[in-house]
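Take a moment to look over the model before reading on. We will walk through it piece by piece.

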Amino acid sequence: MKAAAFEYHAPRSLRAATDLLARYADEDARILAGGQSLVPAMALRVASPAHLIDINGVDELSRLTFGDDGHLEVRACVRHATFQRPVEPGPLGHLLSKVVRYIAHYPIRTRGTMCGSLANADPASEWCLVAATLDAELTAISSRGTRSIRAPDWFRGLMTTALRPDELLLQARFQALPSDSVFGFQEFSRRAGDFALAMALVTFRIQSGLIAEPRVGVGAVEPSPRRIARAEEILRGAKPSRELYEQAANVAAESVDPLTDARYDAAYRRDLTRTMTLRALNQAWPA
Amino acid sequence: MARVNHRTLLTKVDLIVNGERYVVDVEPRCTLADALREKCGKTGTNVGCEHGVCGTCTVLVDGEPVRSCLMFAVQLQGKSIRTVEGLAEDGRLHELQRAFTEHHALQCGYCTPGFLMLAVAYLEKHSKVDEEEIRDLVASNLCRCTGYQNIVQAICAAAERLR
C-alpha cells in the first residue's frame with residue numbers, strides 16, 4: 001500500500017529540527033531517521049503522520065563518541081550496521097557487534113538506527129534489551145532543552161516510551177563494561193531476522209571464582225525489556241555451576257509476565273525465557 | 001489566494017540512477033521504488049510487499065543495499081542509486097547475472113533484481129565469502145520458486161569468479 005500524504009521537512013540543524021517538532025507536535029509530527037519501522041507502519045496506514053521531519057541531514061546526529069570515562073554515546077542517526085565491527089576493543093564493542101547480527105537483515109541494518117529502535121520500543125527490539133540490561137542513559141531534546149532518562153524509566157510498555165511529542169531522542173549513552181566482563185546473548189525466533197519470541201542478555205565478572213556484578217535482562221517476552229533482579233540475586237557472589245544457572249533461569253522464567261497471542265501462550269514464552277537465559281549464562285561463562 | 005496543500009505538493013528531486021541524472025517531480029509520499037519505476041522508467045526494480053519484508057525492491061544507495069519501498073524519493077536528493085539495469089555493461093551480463101543463469105537461480109524472475117542487488121552490494125564489500133554467510137545474507141529476501149539452493153550456489157560461484 002501507499003502511505004497517506006504528509007508534509008516533508010528536512011532540517012539541516014538540530015535547532016531547526018526541534019523547532020519544527022515544537023511547531024507541529026500537535027499535528028502528529030514524526031521524526032524520520034532510518035524509517036525501517038515507521039515507513040512500513042505508514043505503508044500499512046497504521047501510522048499517518050501529517051508531518052515527517054527527516055533528521056538525516058543533521059550532520060551532528062551521525063556521531064558516535066567515546067568519553068574519557070569510557071562511555072559510548074550513540075547519536076540519533078547512527079545506523080545499526082555501524083556496530084557490525086566492534087566500535088571499541090572492550091567487551092561493550094564486542095557485545096554490540098554480537099547482538100546487531102540478530103537485528104532484521106543486512107539492507108535493514110544499513111538504514112535503521114539504534115536510537116530509532118529505542119524510540120520505537122518494540123518489545124522484540126534487541127537494542128531495547130541492551131539498553132535495559134546495561135542501564136543506558138537516554139537524552140531527549142526539545143526546543144525547551146534537554147533531559148536525561150534512565151532506561152528503566154524510558155520504557156513505559158508496548159511501543160511506548162517517556163519521550164514527549166515535541167522531543168527527539170538525541171542519544172543513548174552506555175557505560176563501558178569492565179575489561180574482564182563476560183556476556184551471553186541468546187534469541188529465539190521462527191526465522192532468521194524475524195521478530196524474537198524471547199531473548200536474554202547476561203553480563204557479569206568473575207572475581208576469585210565467583211560471579212560479580214551480574215546483569216540478567218529478558219526481552220521480547222513482556223511489553224518492555226527489563227532486568228530480572230531475582231535472577232541476579234541468585235548469581236551474585238555464587239560459584240558458576242550448572243545447578244546455579246538452572247536455578248537462575250528458572251527464577252527468570254517465573255518472574256516474567258509474558259505477552260500472549262493466538263500462537264504463543266504464556267507457558268511457551270516462559271519456557272523460552274528459561275532456555276534463553278540458561279543458554280546465555282552458559283555462553284557467558286561455560287559451567 | 002488558495003491555500004497550498006503542502007502534503008500533495010510536487011517537489012523537484014535530482015536522482016542519479018546508474019550514473020544518469022533524472023529530475024523528477026514527486027509527492028513527498030512517493031517511495032524511491034515508485035519514483036524509479038514511474039518517473040525514471042526503470043521498471044527493472046520490482047515492487048513486492050511494499051512494506052519492507054520481501055526485499056524484491058532492493059537497490060543500492062551510495063553503495064549500500066536498501067529497500068527502495070522504505071525510502072521516500074525526496075530523501076534521495078543528489079544521491080547515487082544503482083538498479084539492476086546498471087549491472088550489465090556494453091551488453092555483457094554482470095558475473096552475478098551469468099551465474100544466476102547458469103545455476104538456474106530463478107524461475108519466475110520476479111524477486112531476481114532484488115537478489116542481484118543485494119548480492120552485488122555484499123560481494124563488492126566482501127572479497128572472501130562462505131556459503132553460511134551467503135545463506136544468512138539471502139534470508140533478507142523472499143523467493144517462492146527456487147527454494148534458495150540455486151541462488152546460494154549462484155552467488156558463491158560469482159564470488160569465486162569476482163575474486
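In what order do the five strands of the open sheet in chain A stand, and is their pairing parallel or antiparallel? The order is β4-β5-β8-β6-β7, and the pairing is antiparallel. Keep in mind that this is a predicted model. The edges of the sheet are β4 (64-66) and β7 (145-150) of chain A. Each of these edge strands pairs on one side only.

Strand β5 (residues 72-75) of chain A runs antiparallel to strand β8 (residues 168-174) of chain A. Four bridges join the two. At one place along this pair, Glu73(A) stands opposite Arg173(A) in β8(A).

Chain A also has an open sheet of three strands. Here the order is β1-β3-β2, and the pairing is parallel. β1 and β2 (29-32) of chain A are the edge strands, each pairing on one side only. Look at β2(A) and strand β3 (residues 51-54) of chain A: they run parallel, with four bridges between them. Arg30(A) has Leu52(A) in β3(A) as its bridge partner. α1(A) lies across β1, β2 and β3 of chain A. Its direction makes an angle of about 170 degrees with that of β3(A).

Step back to the whole chain. How is chain A divided into domains? The assignment gives domain 1 (7-54), domain 2 (59-174) and domain 3 (181-284). The centres of domain 1 of chain A and domain 2 of chain A are 19 Å apart, taken over C-alpha atoms. Where these two domains touch, domain 1 of chain A gives 13 residues and domain 2 of chain A gives 18 residues. Which element supplies the largest share of the domain 1 side in chain A? It is helix α1 (residues 14-24) of chain A, with six residues. By class, this side of domain 1 of chain A has seven nonpolar, five polar and one charged residues.

Move on along chain A to a run of antiparallel strands. Strand β10 (residues 198-207) of chain A pairs with β11(A) over eight bridges, in the antiparallel sense. Val202(A) has Val216(A) in β11(A) as its bridge partner. Two residues lie between the strands of this hairpin, and Ser208(A) takes a positive phi near 50 degrees. On β11(A) there is another partner. β11(A) and strand β12 (residues 226-227) of chain A pair in the antiparallel sense over two bridges. There, Val218(A) stands opposite Arg226(A) in β12(A). The hairpin of β11(A) and β12(A) has six residues between the strands, and Ala220(A) takes a positive phi near 70 degrees. Why is β11(A) described as largely enclosed by the rest of the structure? Seven of the ten residues of strand β11 (residues 210-219) of chain A are buried, so the strand is largely enclosed.

Strand β1 (residues 11-17) of chain B runs antiparallel to strand β2 (residues 20-26) of chain B, joined by seven bridges. Asp14(B) has Val23(B) in β2(B) as its bridge partner. Two residues lie between these strands, and Asn18(B) in the turn has a positive phi of about 50 degrees. β1(B) also pairs with strand β5 (residues 80-82) of chain B, in the parallel sense, over two bridges. In that pair, Val17(B) has Ile81(B) in β5(B) as its bridge partner.

How do the two chains meet? Their contact takes 22 residues from chain A and 24 residues from chain B. On the chain A side, β1 (7-9), α2 (38-43) and α4 (106-109) of chain A each supply at least two residues. The largest share, three residues, comes from α2(A). This side of chain A divides into twelve nonpolar, six polar and four charged residues.

Last, turn to the core. The largest nonpolar core has 139 residues. Among those touching the most other members are Ile55(A), Leu118(A), Ala131(A) and Ala73(B). Helix α3 (residues 112-125) of chain B gives this core its largest share, nine residues. Not counting residues up to four places away in sequence, Ala131(A) touches Leu118(A), Ala136(A), Ala151(A) and Ala172(A).

Terms used. Residues are numbered from 1 along each chain as its sequence is written. Chains are lettered from A and ligands numbered from 1 in the order in which they are written. This is a predicted model: local features need pLDDT of at least 70, side-chain atom pairs count only at pLDDT 80 or more; totals for chains, interfaces and linings use all residues. Domain bounds come from an automatic or database domain assignment. Two residues are in contact if their C-beta atoms, placed from the backbone, lie within 7 Å. Ala, Val, Leu, Ile, Met, Phe, Trp, Tyr, Cys and Pro count as nonpolar, Asp, Glu, Lys and Arg as charged, and the others, Gly among them, as polar. A nonpolar core is a set of buried Ala, Val, Leu, Ile, Met, Phe, Trp, Tyr and Cys residues joined through C-beta atoms within 7 Å. A residue is buried if 20 or more other C-beta atoms lie within 10 Å of its own, exposed if 12 or fewer, and partly exposed in between; C-beta atoms are placed from the backbone. Two strands pair if DSSP finds at least two bridges between them. Axes are lines fitted to C-alpha atoms, for helices over the stretch in contact, and angles run from 0 to 180 degrees between N-to-C directions.
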